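Here's a walk through one structure, taken a few residues at a time. Have the sequence and the 3D view at hand, and let's see where it leads.

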Amino acid sequence: MTLFRASVLDTPASPFTGGRLRSDEDCGLLVEQGVIVARGPFETLRPAHPDEPVLDLREGVLLPGMVDTHVHFPQVRIIGGLGLPLLDWLDQCALPEEMRLADVDHARGVAHDFVAGLVDAGTTTALVFGAHFAGAVDAMFEAADQWGLRVTTGLVTSDRLLPESLLTTPERARVESCELAGRWHGKGRLRYAVTPRFSLSASDALLESCAQTLAEVPGAFFTSHVNENVHEIREVASLFDGEAYVDTYDRRGLLTPRSVLAHDVHPTDRELATLAARGTAVAHCPTSNAALGSGLFPLRRHVEAGVRVALGSDVGAGTGFSLFKEGLQAYFAQQLLGEQGMPLTSAHLLWLSTAAGADALGMADEVGVLSVGRQFDAIWVLPEPGDPLAVGLANAASADDALSKVFALGTSSDVGGVWVGGDQIAAGRWRRPRHR
């Protein structure tokens, strides 16, 4: 067992339904075999466990590990392609890079860069949008398994409109997906996600094959894109005889509580009602929405309709892996919406970055908060002395104020330690905590 001593911030209950930030300034967390078995004031826990080693993390702030609900593995090397709307960006930036992953050696290099980026940003759990090539998806699973991350991912499938090398057939998609799931689903901390790219590039037959795969892989997730761009929405409607975008998935039985759809910037009220009725979650990707000019996410409408929302970095069209940055951009977007927006506090941002994502991924009983019975998935926010975040934390008026400064000023370089299931992992910069 190990006794962690830290200033701990987390959100056990949703601030959207009255929950508040939980703050313990000198908190003890007793971890045994990766699970938190006791939590309380350090001065109380220490006498009860006098012989256990102590890791002293009081120099910074301890948060739950970040949970990213939408992040594209093949796109890590094209971050920063600014100035284009969605479909032009796909044609000129994303798809040419994704075709390169047909080379498995290239895919392994990309997977290493991608997983290192997640870890550096403090992301311990992710729903990863995979690749169009089975060998590249194997590489992604291998990298995630090697680093010990909690990753759900799968083969991306399309059978129209994309470059030929990215296309498959419904039968091949089902066979390759089931083979990948057979190798990886349920291994360690890994799970499989059935992943048509979007309805724009998926025929009825391909979506039906996705439904078959879901039926054949118990516990698999489903993920895709929806309502990201107004031109894309019009194109989908023209391909599906006027169907609403959400309905293209729902009418094939693809929307359940184990489904996550990315973006949903332009939903109709009826689509929101469908998502709520199915228990399907939405991954809000605010920096991507801003960079591509897709629009301002209607968070209030989602929350009032009862749709679960969490954060995603998107990566390729976004601006990096950091969910601190995504949280800050989500705050900005709601401010810009005025009365139509939803005012967000730092507790909302932490919830969206951690516990909401865990709930969307069916892991609310395992990760997302630092409570007894949960896995010890945590990040140590520890800025360099003298940098703006360090100054801000030293002068914070309250725990809520300190957390606001983490989201306003924090970057991946401020993540000083990452733990998954009690195991400390690191990529790039990290700092060894003090034992005593």
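Let's start with a word we'll need a lot: a residue is buried when its relative accessible area is under 20%, exposed when it is over 50%, and partly exposed in between, using a 1.4 Å probe and protein chains only. Keep in mind that this is a predicted model, where local features need pLDDT of at least 70, side-chain atom pairs count only at pLDDT 80 or more, and totals for chains, interfaces and linings use all residues. Residues are numbered from 1 along each chain as its sequence is written, and side-chain values use heavy atoms, with hydrogens and water left out.

Now for helix 8, which covers residues 245-250. Helices here are DSSP runs of H or I with at least four residues, strands are runs of E with at least two, and both are numbered from the N terminus. Tyr 249 counts as buried because its relative accessible area is 0%. Tyr 245 is buried as well, at 2%.

Setting aside residues up to four places away in sequence, Thr 248 touches Ser 199, Leu 207, Val 236, Phe 240 and Glu 243; contact means heavy atoms within 4.5 Å.

What about the aromatic rings? Rings of Phe, Tyr and Trp (its six-membered ring) pair if their centres lie within 6.5 Å; planes under 30 degrees apart are stacked, over 60 edge-to-face, and the rest tilted. The whole structure has 11 aromatic pairs. In one of them, Phe 4 and Trp 419 have ring centres 5.7 Å apart and planes at 85°, so they meet edge-to-face. Phe 4 belongs to strand 1 and Trp 419 to strand 16 (residues 415-420), so this pair ties together parts 415 residues apart in sequence. Both Phe 4 and Trp 419 are buried. Tyr 245 and Tyr 249 give another pair: with centres 6.1 Å apart and planes at 25°, their rings count as stacked. Ring pairs also join Phe 4, Phe 376 and Trp 419 into a cluster.

Back in strand 1, which runs over residues 2-10, we find Ser 7. Is Ser 7 buried or exposed? Its relative accessible area is 17%, so Ser 7 is buried. Beyond its neighbours within four places in sequence, Ser 7 contacts Asp 24, Glu 25, Gly 60, Val 61 and Leu 62.
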